[in-house]
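Colleague: Please open the model, and let us go through a few of its local contacts.

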Amino acid sequence: MLKYSRFLLFLMMILPWFSLPFIDKKSFKRYYPASLFISIVVWLESYIAKKRRWWWFYESIHPKIKGETPLIWGPFFIGSLWIMKFTYGKFYLYLLINLLVDSFFSYQLVNWFQKLGVSSLVRMTRLQLLFVFQFKALLLYGFQLLKEKGSNPNKTTS
């Protein structure tokens with residue numbers, strides 16, 4: 001499996017984009033800015049993570065591309081669109097779905113990435129990673145909330 005890890009990272013980045021045609025245009029336009037915002041935050045976070053050695057990527061799809069890039073611009077970006085589409089306005093459902101997805105990533109996919117020789121946690125525990133993910137989930141929801149209140153100040157959102 002180790003020799004296929006670069007290919008798997010590439011697939012992980014590309015495959016989520018095939019679900020994009022199933023998101024209606026209105027939802028895409030509504031949630032795209034928030035998904036882009038949080039993806040840029042995560043991309044910037046990766047610089048801090050590298051400096052503080054929170055995690056380490058041993059493999060990348062290209063030597064000049066950071067190891068996190070396929071995850072950020074694939075499942076994270078597209079997943080944020082889908083989660084916002086189905087849960088925005090239902091805050092507790094949003095938190096629950098994010099907790100489930102983030103727990104799966106923190107406890108299952110991290111192990112899988114380690115076995116594949118793609119990445120591993122270094123100075124961060126799985127629980128700490130889960131808390132970081134939950135913070136980003138709140139940041140994503142808050143961004144969307146502020147965006148919608150700014151575009152329609154008379155509308156109230158739960």
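Colleague: Which residues does valine 122 touch, not counting residues up to four places away in sequence?

Modeller: This is a predicted model, in which local features need pLDDT of at least 70, side-chain atom pairs count only at pLDDT 80 or more, and totals for chains, interfaces and linings use all residues. Residues are numbered from 1 along each chain as its sequence is written, and side-chain values use heavy atoms, with hydrogens and water left out. With contact taken as heavy atoms within 4.5 Å, valine 122 touches Arg53, Trp54, Trp55 and Trp56.

Colleague: How far apart in space are valine 122 and tryptophan 56, C-alpha to C-alpha?

Modeller: Valine 122 lies in the loop between S2 and H5; helices (H or I, at least four residues) and strands (E, at least two) are DSSP runs, numbered from the N terminus. In sequence, valine 122 and tryptophan 56 are 66 residues apart. Their C-alpha distance is 6.6 Å.

Colleague: Which residues of H4 make the contact with H1?

Modeller: The axes of H1 and H4 come within 10 Å and cross at roughly 145°; axes are lines fitted to C-alpha atoms, for helices over the stretch in contact, and angles run from 0 to 180 degrees between N-to-C directions. From H1, the contact uses Ser5, Leu8 and Met12. From H4, the residues are Trp112, Phe113 and Leu116.
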